[in-house]
2 protein chains.
Amino acid sequence: MGRYRVGLETRERILTATRELLGEVGIEGVTLKAITDRAGVGAGSFYNLFETKEQAVLEVVREAIGAVDPDPSGVGRESLADLVEAFVRFITGEASGIARIYLQLAASGLTDERMARRVLRSHRRRVERFRDALLREQPGIGAGEAEARAEAILAALTGFAITWFIDPRFDFALHAARLLQPVGVASGGSE
Amino acid sequence: MGRYRVGLETRERILTATRELLGEVGIEGVTLKAITDRAGVGAGSFYNLFETKEQAVLEVVREAIGAVDPDPSGVGRESLADLVEAFVRFITGEASGIARIYLQLAASGLTDERMARRVLRSHRRRVERFRDALLREQPGIGAGEAEARAEAILAALTGFAITWFIDPRFDFALHAARLLQPVGVASGGSE
DNA sequence: TTCATCTTGTAGTATCCACTCCAGGTAACG
DNA sequence: CGTTACCTGGAGTGGATACTACAAGATGAA
């Protein structure tokens, strides 16, 4: 079962091709031929390194879900602004292909239960992280209130991200920054 | 080209089957066989009534996009709370299959440009409607500010809706209602 | 070098897909 | 009733799909 060096290199080429394709055509649109063509290998090589097509896709998917969350070393110290900024960078940064995959996954959870569980687990962790950051800045509001606000901020960020991908003119960073302002969403100071 | 009564009834059965399937298995998972089996017709009957599979799917898709927006007769009179409540009812109500389709569409806009344009157009209209309701209630805030808040509310509602579909325990109505409170998202009164 | 193990491309296979063809049935109308 | 238009189901088509079998080559530890 030990792998040779060339085999591991081919494996990386295949994963890179899969990653790119997932961002471009979506999780349902990826075919084996597309992957092997882009990676420059035959089907035989693919199946020498992966059991099924799904295995390769899942490997990239896990990576995408993991990539939403910034640098775990900061846990317990980061501010809410840090977390929001990291999310914006994740969506609009260089690896936005991965971000695209992540949003598709969230949506595929609408029809695929296994995916739903996977996405929900990572969502829960993220809510906790946002909640804890909020509590550190405003300990007075209480855990329940902080969690509700964390859910709201994350929901808005997700919605903004979808809008941004669909409408290139949408200023994602600006709208995300507004979420941190004391003014809030619905009502203003001029009440 | 005129259609007989029986033909039109079959057409309805096919559209109903398509609608159900779209909600259950997603836009990529719908096959012709699944549609015709559920509708209880042969492939020949389908193609007597629709040019392609995509035509039937698009007919349901248009319906789903249209269904997000509540009763157009209220335009110009409704409050922000009315609009939010209507969105919540759309997602959690009896026709939540349609709502599921709508969210899938928004996500499919991530990889399908034609879908992206379609979704964006309806999104823009909805933002305007929310903005106008906001301006009616707080004329002082200005159109730009109102539009930004409309975007934020809609983004949060969309994010909440995805969470709700993925996590049945999520209290969508409660979180949606919080969007209307003067407190806002990030900061509280106890600052 | 030796040789077992791993890697590779090709030429398959079975299965599913959207879609077509067509013969026989049915609806509408005079 | 007769005629024409429409409706119907199912067998069949071509093409794409994921995946396999295998022969020939490359790799790497001794």
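Reply: The largest pocket has 25 lining residues, and those nearest its centre are Ile27(A), Glu28(A), Gln104(A), Ser108(A) and Glu28(B). Here a pocket is an open set of points on a 1 Å grid over the protein atoms alone, where a 1.4 Å probe fits, with protein on both sides within 12 Å along at least five of seven lines; lining residues have an atom within 4 Å of a point. Bear in mind that this is a predicted model, where local features need pLDDT of at least 70 and side-chain atom pairs count only at pLDDT 80 or more, while totals for chains, interfaces and linings use all residues. Residues are numbered from 1 along each chain as its sequence is written, chains are lettered from A and ligands numbered from 1 in the order written, and side-chain values use heavy atoms, without hydrogens or water.

The space in the largest pocket comes to about 480 Å³, a volume being what is filled by probe spheres set on the points, which are joined across faces, edges and corners. As for where the lining comes from, at least two residues each are supplied by helix H4 (53-67), H6 and helix H7 (113-137) of chain A, and by helix H6 (96-108) of chain B. Helices are DSSP runs (H or I, at least four residues), numbered from the N terminus. H4(A) gives the most, with four residues. By class, you get nine nonpolar, 10 polar and six charged residues in that lining; Ala, Val, Leu, Ile, Met, Phe, Trp, Tyr, Cys and Pro count as nonpolar, Asp, Glu, Lys and Arg as charged, and the others, Gly among them, as polar.
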